[in-house]
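User: I am new to protein models, and I would like to learn how to read one feature at a time. Please give me the general idea first and then the case in this structure.

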Amino acid sequence: MELCEWTAAAVTPGDGPPEADGWQSIEDPVSPEGFAGERAVAYRTRFADPRDGGDGRVLLTLRGLYAHARIWLNGAFVGSHDTYFTPFRTVFDPQDENELLVECRAPEDRFGGVFETGLIPESRSVPGIRWSARVEGVPETVITDLTIGTDESGDEAGVNAIVTIDAGTDIDGRVRLSLGPAGSAGASALSQVGVSAAAGERVTVQGRLSVRDPERWWPRGFGPQNRYVVRAALGEHERTATTGFRTVEYNAEGLSVNGTRVPVRGLVVLPDERETDPDPIERAVEANATLVRPYGHVPPKSCYEAAGAAGVLLMQDVPMSPGALDAERARLVARTLAGAVGRRPSLAAFGVHDDSHGFDVTTDEDEWRVLRSTGNGGGATATAAAAALPGDVPTISTPGLDGDTVEVGTAWVLDGCSANGARTRYVVPGTDDAATARAERAIEALRLSNESIVTAFGPPGAVGDAVETAFAPVGIFLDDPTAAEPRVVVVNDTPEPVAGDLDWTTSTESATLSVAVDPLSRTVVDGIDWPGDAERIELILSTDERRATNEYER
């Protein structure tokens, strides 16, 4: 049962339950605009016993508690929480009528991430319960958490499972573990692990499910998105988690998934907290992007589930904001983040915001600025966070968007990242159609520069046809649109060869040429005799599978 009919009040944090002079009714506890600028807000709701028949206990789950939270149920303190990307859960014996009181404080350290920068307005940075609050009736003894991770280090692949049990009564039994392909009712692996606990104890047990020749998860366009569902059952209660088998590497060749290089064309996105916000995974698919980078924040699990189903990769930032911080806190947050998202097959890399990065302007023109990074990072906090992250997923040091290179919302920010740590940033000012057209050309320039990771961050509502064309898996571009005789370059980011007819047209001439491009490769098209005064060039590449187009006004 989702909890609703909330009231809220700005409070002064203390040691006990928060006190307020007056409570205001709010629509939900996500980020109530009326409390913009407040650093501590308390939320209160009342609910009836949700059990059907009155047996068992009740499980409270709060998701997205931002940022430091304390929770009371029926006047009793039941816990605190300080990582919004992990759920808070507690099991309790309900009354006929119950009161939940949650105090949320803004972060006192650097791990507010993007919410503690000027990139997010105060009205969307209010401490609150960002994702969901619900209660449900459960048995006396209940599985509160199931954490899983794939393991391919030995002779046989498998899934390691950690199961947390809250015992309402004495228990001496077994947790049943099973694994099967997502969408199938059958199980391909079974296991059991013993559990013993006294009433009132919370215990953790571990088990393993072995998988022979697992079907692998692949990014979109490279293969199927095979996933597996793990079930942990204890008596009448069951909890599930979804994972997938894949390997990820990042080296001089770029990003590789399951040993195959995957060109990265990414969108950088800010938090989506309202139903009216566009879904970042849908946007990525529509824009021909292969990766989404949630900048400075962790999205809800629904985003990861959508990415896994769609075959979209995610670069997950450790939610850091500018400034110094204790290194041990950095390690703790990084480890917690890895446990929260590490099993997701779409996870391609962790991004660690490093203030040690800097930029020099190498080109400053009316159309755009090109900046080169002056360092490869190395700040103490970023180094500590990176060291705490697991080695089976690449960790990439990333410069922030919150420096003096751009005023977000008034320009495009386009980044290229090479495996040696060098960064190239294009800043394209403006939010109108002309700026969007310039951004398209800048993205093309980054793609043609052989950067292994290219990402685009556009003004609100600007990501559309321009990015879709510039990010086309098979793209057809001019290497220098302003040159008298520009070269045509066909880029094939797919794992299959491409062959077809290239039609080029100017205001006075046109011709058709045959083109063939190897998988994950590019080629320069020879044999084009451009008229030197051509003001407009249209390019069309037609194959059996697709049609790529581009046009240039010169």
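**Reading the model feature by feature**

Analyst: The scale calls a residue buried under 20% relative accessible area, exposed over 50% and partly exposed in between, using a 1.4 Å probe and protein chains only. Keep in mind that this is a predicted model, in which local features need pLDDT of at least 70 and side-chain atom pairs count only at pLDDT 80 or more, while totals for chains, interfaces and linings use all residues. Residues are numbered from 1 along each chain as its sequence is written, and side-chain values use heavy atoms, with hydrogens and water left out.

User: Where does Asn 450 lie, and what can be said about its phi?

Analyst: Helices (H or I, at least four residues) and strands (E, at least two) are DSSP runs numbered from the N terminus. Asn 450 belongs to the loop between H5 and strand E29 (453-457), and it has a positive phi of about 70° although it is not a glycine. Asn 74, in the loop between E5 and strand E6 (76-81), also has a positive phi, of about 50°, without being a glycine. With a relative accessible area of 27%, Asn 74 is partly exposed.

User: Which peptide bond is cis, with omega near -5°?

Analyst: The bond in question runs from Tyr 66 to Ala 67, and Ala 67 sits in the loop between E4 and strand E5 (68-73).

User: How do I read a strand, and which way do the residues of E7 point?

Analyst: In a regular strand the side chains alternate between the two faces of the sheet. In E7, Phe 88, Thr 90 and Phe 92 point one way, Arg 89 and Val 91 point the other way, and all are buried. Since five of the five residues of strand E7 (residues 88-92) are buried, the strand is largely enclosed by the rest of the structure.

User: How many bridges pair E7 with strand E4?

Analyst: Strands of a sheet pair through backbone hydrogen bonds, either parallel or antiparallel. Two strands count as paired if DSSP finds at least two bridges between them. Strand E4 (residues 57-66) pairs with E7 over five bridges in the antiparallel sense, and the bridge partner of Leu 59 in E7 is Val 91.

User: What is the strand order in the open sheet that contains E30, E31 and E34?

Analyst: This open sheet of three strands has the order E30-E31-E34, with antiparallel pairing. Its edge strands, each pairing on one side only, are strand E30 (474-478) and strand E34 (521-525). E30 pairs with strand E31 (residues 488-492) over five antiparallel bridges, and Leu 478 has Val 488 in E31 as its bridge partner. Angles between elements use axes, which are lines fitted to C-alpha atoms, for helices over the stretch in contact, and they run from 0 to 180 degrees between N-to-C directions. Helix H5 (residues 433-448) lies across E30, E31 and E34, and it runs at about 105° to E30.

User: How should I read a core, and which residues touch the most other members of the largest one?

Analyst: A nonpolar core is a set of buried Ala, Val, Leu, Ile, Met, Phe, Trp, Tyr and Cys residues joined through side-chain atoms within 4.5 Å. The largest one here has 62 residues, of which Leu 267, Val 318, Phe 350, Leu 414 and Phe 471 touch the most other members. Helix H3 (residues 327-341) supplies the largest share of this core, six residues. A second, separate core of 27 residues includes Ala 161, Val 163, Ala 189 and Phe 245.

User: Is Gln 316 buried or exposed, and with which side chain does it make a polar contact?

Analyst: A polar contact is a pair of N or O atoms within 3.5 Å; within protein, one must be able to donate a hydrogen and the other to accept it, and residues adjacent in sequence count only if both atoms are side-chain atoms. Gln 316, in strand E22 (residues 313-317), counts as buried because its relative accessibility is 0%. Its side chain makes a polar contact with the side chain of Tyr 304 (2.8 Å), and a polar atom of that Gln 316 side chain lies 2.9 Å from the backbone oxygen of His 297.

User: How many disulfides does a search of the whole structure find?

Analyst: A disulfide is a covalent bond between the sulfur atoms of two cysteines. By the cut-off used here, the sulfur atoms must be within 2.5 Å, and the search finds zero disulfides. For Cys 104, the nearest cysteine sulfur, that of Cys 4, is 18 Å away. Cys 104 counts as buried because its relative accessibility is 0%.

Terms used
Contact means heavy atoms within 4.5 Å.
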